[in-house]
Amino acid sequence: MMNSPQQVKNPSSSLKSRFITRFLGALTKINAEHPISSSSPTRIFQRYRRIKVASNKSMAYSVRSRRIWSRAMLSRFRSRRSAFSVRRSSVKTTNCTTSPPSALIKVTINENKIAKGGLDMQTDELRELVPGGEAMDVCNLLGETAHYIKCLTTQVQVMRKIVDFYHLSK
Amino acid sequence: MSGASNKITDDELNALILRLGTLLPQLNHGRHGRASSSTTKILKETCSYIRRLQKEVDDLSKRLSKCLDSMDITSSDAEFLTNLLQQ
């Protein structure tokens with residue numbers, strides 16, 4: 001695992017603690033609004049949806065507007081409520097991820113290299129997965145992807161610990 | 001974002017892509033010498049990794065929704081947070 005030295009005071013741990021605080025707060029709210037007694041399948045499903053949104057929202061808010069992907073996600077949440085999960089489930093555009101680089105379509109980037117044309121197509125799928133990816137240039141897309149992945153792994157890590165904790169304390 | 005100042009060199013691109021590769025858990029480096037094929041592989045791996053992570057968030061949300069009944073977040077806050085933050 002590569003541990004690149006940070007110039008700032010390790011922002012990833014403060015990002016994590018911001019996420020934890022927000023997410024736990026959201027869980028408390030959800031817990032309060034959907035009382036424990038109601039555990040019908042519908043309720044559980046609603047809770048699951050709200051928890052998922054809370055997780056993604058908490059992370060996006062913790063990142064604030066420092067990233068293109070977080071800004072895209074936050075504006076999505078503001079305009080449409082549960083659309084994020086809908087967008088994610090409609091990602092099935094694996095049209096030409098394995099086509100050879102010689103299939104040069106249109107090169108809109110500066111350098112006129114074959115590798116670049118192929119890269120354009122190869123990043124299509126990635127653009128669908130990263131929030132706001134459609135409008136990013138390749139450079140940004142790769143940087144945003146790296147950060148997005150880090151945040152996703154933090155989300156998963158924290159959520160796992162929460163689940164484990166409450167499983168053990170039962 | 002002006003087009004003129006956006007001159008991405010191949011080297012810079014490769015650097016970014018390699019950096020992405022280091023984040024992926026299951027990537028075999030050094031199998032191919034050609035830059036283009038490992039780029040393809042890294043991008044594909046990245047996509048499937050993101051999908052996997054998003055699915056994990058989804059699954060964990062489902063599990064949380066089930067055990068939310070037994071969760072008493074407010075009372076165990078302090079020690080719980082410490083535990084969480086310790087890693």
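Hi everyone, and thanks for coming. Some ground rules first. Residues are numbered from 1 along each chain as its sequence is written, while chains are lettered from A and ligands numbered from 1 in the order in which they are written. Because this is a predicted model, local features need pLDDT of at least 70 and side-chain atom pairs count only at pLDDT 80 or more, with totals for chains, interfaces and linings using all residues; side-chain values use heavy atoms, and hydrogens and water are left out.

Let's begin with confidence. The model scores ipTM 0.75 and pTM 0.73. Then there is pLDDT, which is the predictor's confidence in each residue, from 0 to 100. Chain A averages a pLDDT of 77, and 67% of its residues score at least 70. Over residues 92-114 of chain A the pLDDT is below 50, although this stretch still has 30 contacts in the model beyond near neighbours in sequence. By contact I mean heavy atoms within 4.5 Å.

For chain B, the mean pLDDT is 74, and 57% of the residues reach 70 or more. Where in chain B is confidence lowest, and where highest? The lowest is helix α3, residues 77-85, at a mean of 67, and the highest is helix α2, residues 35-67, at 87. Residues 1-5 of chain B have pLDDT below 50, with three contacts beyond near neighbours in sequence. Residues 32-37 of chain B are also below 50, and there the count is two contacts. Please keep one thing in mind: where pLDDT is low, the predicted coordinates should not be read in detail.

Now the overall layout. Helices (H or I, at least four residues) and strands (E, at least two) are DSSP runs, numbered from the N terminus. Chain A has six helices and zero strands, so to speak an α-α-α-α-α-α pattern along the sequence. Chain B has three helices and zero strands, running α-α-α from the N terminus on.

How much of each chain is buried? Buried means under 20% relative accessible area, exposed means over 50%, and partly exposed is in between, using a 1.4 Å probe and protein chains only. Of the 170 residues in chain A, 45% are buried, and of the 87 residues of chain B, 38% are. In chain A, 55% of the contacts with a separation of 6 or more join residues 24 or more positions apart.

Next, let's look at helix α2 of chain A, residues 41-63, and two of its partners. At what angle does α2 of chain A pack with α6 of chain A, residues 138-168? The angle is about 130°, with the axes 11 Å apart. Here the axes are lines fitted to C-alpha atoms, for helices over the stretch in contact, and angles run from 0 to 180 degrees between N-to-C directions. Angles under 35 degrees count as roughly parallel, over 145 as roughly antiparallel, 65 to 115 as roughly perpendicular and the rest as oblique. That is why α2(A) and α6(A) are oblique to each other. Their crossing is right-handed; a crossing is left-handed if the near helix is turned anticlockwise from the far one by less than a right angle, and right-handed if clockwise.

The residues making this contact include A:Ile51 and A:Met59 of α2(A), and A:His147 and A:Cys151 of α6(A). They divide into five nonpolar, five polar and no charged. In this scheme Ala, Val, Leu, Ile, Met, Phe, Trp, Tyr, Cys and Pro count as nonpolar, Asp, Glu, Lys and Arg as charged, and the others, Gly among them, as polar.

Let's stop at A:His147, in helix α6 of chain A. A:His147 is buried, with a relative accessible area of 14%. Leaving aside neighbours within four places in sequence, A:His147 is in contact with A:Val63, A:Arg67 and A:Trp69.

Among the residues in contact are A:Ala60 of α2(A) and A:Phe77 of α3(A).

Between α2 and α3 of chain A, the loop holds A:Arg64. A:Arg64 has a phi near 60°, a positive value in a residue other than glycine, and is partly exposed at 40% relative accessibility.

Last stop: B:Ser65, in helix α2 of chain B. Is B:Ser65 buried or exposed? At 1% relative accessibility, B:Ser65 counts as buried. Not counting residues up to four places away in sequence, B:Ser65 touches A:Ile44, A:Arg47, A:Tyr48 and A:Ile51.
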